Amino acid sequence: MEEEKKAEKKVKKEKKPADPAKRKKKRRIIILSVTGVFILYVIISNVVAANTPMQIMTTAAERGDIRQTINTSGNVTSNEEKTYFSNVNVKIGSVNVEAGDAVKKGDVLISYDESDLSKATELAQLDKQATEGSYRNSVQTNNEKLGDLNEANVNMEVLDQQIADTEAYIKGLNNKIQKKKDELALFGTQLQISLLDWQDQPDSDEYMNLQKMVQENNYEQSHNKEIEGWESELEVYNDMLSKYKEYRSEMKSQKSSADSSKMTAGAKEELEAGNQTKEIQSEDKLAKLEAVSDGVTAEFDGVITAVSAVEGSTAAEGTELLKLESTEDVCVKISVTKYDLDKIALSQKATVTIGGREYEGEVSRIDKMAQKNDSGAAVVGTEIKILDPDSDVYLGVEAKVVIETAEVKDAVLVPVTAVNVDSTGEFVYAIENNVIVKKQVETGISSDTMVEILSGVSEGDQLITEVTGDITEGMAAVAVPMN
């Protein structure tokens, strides 16, 4: 009985092979069933996900104080430096400093050779005396020429008058003499005529008298006392006239010589200017020699940054001796980029750190012209004056600088990472009523971590600080406050 049952089971297992077409159709139905189940699962999952808000970490906008700063570094340098040049041609006695030495105001940096200095002073004084003597001699000579000229002018005027008067008087004497001679000659002629009239009576008294008168007239014409007196006077006046003319000739020559030798107005101005120039130069030279009699001294506290003077050499006037840079008036030179240029202004407070020590500072200078730095970027040179320098401030070292550019009290603040920028301007993503919203904002000053919000955000607004590509406006989200 059991064997029959086994045989029956064996018959059941040994079924006929299925039709291939039926087998393929059955497999397709199974695949479609599985695919349908998977698609249904995806659809259900997406529906569930779409209706489940994303949890996003947020930071609340808060009220507080914010301070904007510029953090940079630069080199410490002096605002005041003095290059000392030799003002005299004197041998250097000793050089008392080396580059790098710190000195105090009044310290003797260089001394001149006393013997050479004394000789130079004596020569300068002699040169001054020679200049003064030469000037006085020129002035005296000119005054003498002017005196000669004045004398000649006055004398010639007088002589001209005397010559004119003498010539007139001589002319008058000649006229008198001629008139007298003419009168005597006329009288003699008349006597001769009368004598002819009595010639036929030679023994008469009239004839005899006429002959006598003719003889007397002839003698009178040759020996008339008046004529002789006038002729003697004429000789004196002719001699006087000759002397007058000779003296006038001398005065004329003197005038010509004095006139050509005297200084013109321009020459006199040149002499005066030249003398004043030489006087100033002499006084300046003596003053310079006097100024270095105690050596070259430091004009302020500082550091010797260069020494060119050599002991025993003669420092020609204008030769560079040494350079002194002040440690009382120092600053840090920094470079400001275009991004910080609108933030910085004169007199802003700053903190300068040198070797671990902090010093108060302020912005004292901003160049009006940009320059290229080593990387080719345009930067503007700026100086930060150190207000309280001490002996620990070393020139040339690097210093860290923090400039306080602005400060606002009780402002609405958000993290720097919360503010984004697109073509419409600055904006933030906030979560309101479980929805992501985009808010346009106007920002103010900023620190390294926070930004002042002038409009667009209120205190307490929950803002997204880490924006990824999955975040879009209108998306459902749940804010998870970090603060």
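Helix 3 passes helix 4 in a left-handed crossing, a crossing being left-handed if the near helix is turned anticlockwise from the far one by less than a right angle, and right-handed if clockwise. The structure is a predicted model, in which local features need pLDDT of at least 70 and side-chain atom pairs count only at pLDDT 80 or more, while totals for chains, interfaces and linings use all residues. Residues are numbered from 1 along each chain as its sequence is written, and side-chain values use heavy atoms, with hydrogens and water left out.

Two packed helices are described by the angle between their axes and the distance between the axes. For helix 3 (residues 114-197) and helix 4 (residues 205-223), the axes come within 9 Å and cross at roughly 160°. The two helices are therefore roughly antiparallel; angles over 145 degrees receive that description, those under 35 count as roughly parallel, 65 to 115 as roughly perpendicular and the rest as oblique. Axes are lines fitted to C-alpha atoms, for helices over the stretch in contact, with angles running from 0 to 180 degrees between N-to-C directions. On the helix 3 side, the residues that meet helix 4 include Leu 184, Phe 187, Leu 191 and Leu 195; among their counterparts in helix 4 are Tyr 207, Leu 210, Met 213 and Val 214. Contact means heavy atoms within 4.5 Å. The residues of this contact divide into nine nonpolar, six polar and one charged.

Helix 3 also packs with helix 6 (residues 265-291): their axes come within 10 Å and cross at roughly 165°. These two helices are therefore roughly antiparallel to each other as well, and their crossing is left-handed. Residues of helix 3 in this contact include Leu 117, Asp 127, Lys 128 and Tyr 135, and those of helix 6 include Glu 272, Lys 278, Glu 283 and Leu 286. By class, the contact has eight nonpolar, six polar and six charged residues.

The protein has seven helices and 22 strands; helices (H or I, at least four residues) and strands (E, at least two) are DSSP runs, numbered from the N terminus. Four of the strands form an open sheet in the order 7-6-4-9, with antiparallel pairing. Its edge strands are strand 7 (296-297) and strand 9 (314-315), each of which pairs on one side only. Strands pair if DSSP finds at least two bridges between them. Strand 4 (residues 90-95) is joined to strand 6 (residues 108-112) by three bridges, and Val 95 stands opposite Ile 110 in strand 6.

Most residues other than glycine have a negative phi. Asp 410, in strand 15 (residues 398-415), has a positive phi of about 50°. Asn 433, in the loop between strand 17 (425-432) and strand 18 (435-440), has a positive phi of about 55°. At 78% relative accessibility, Asn 433 counts as exposed, where exposed means over 50% relative accessible area, buried under 20% and partly exposed in between (1.4 Å probe, protein chains only).

Of the 483 residues of the protein, 28% count as buried. Among contacts between residues at least 6 apart in sequence, 76% join residues at least 24 apart. Val 480, in strand 22 (residues 477-481), lies 426 residues along the chain from Met 54, and their C-alpha atoms are separated by 10.0 Å. Leaving aside its neighbours within four places in sequence, Val 480 is in contact with Gln 55, Ile 56, Met 57 and Thr 58. At 26% relative accessibility, Val 480 counts as partly exposed.

Technical notes: Ala, Val, Leu, Ile, Met, Phe, Trp, Tyr, Cys and Pro count as nonpolar, Asp, Glu, Lys and Arg as charged, and the others, Gly among them, as polar.
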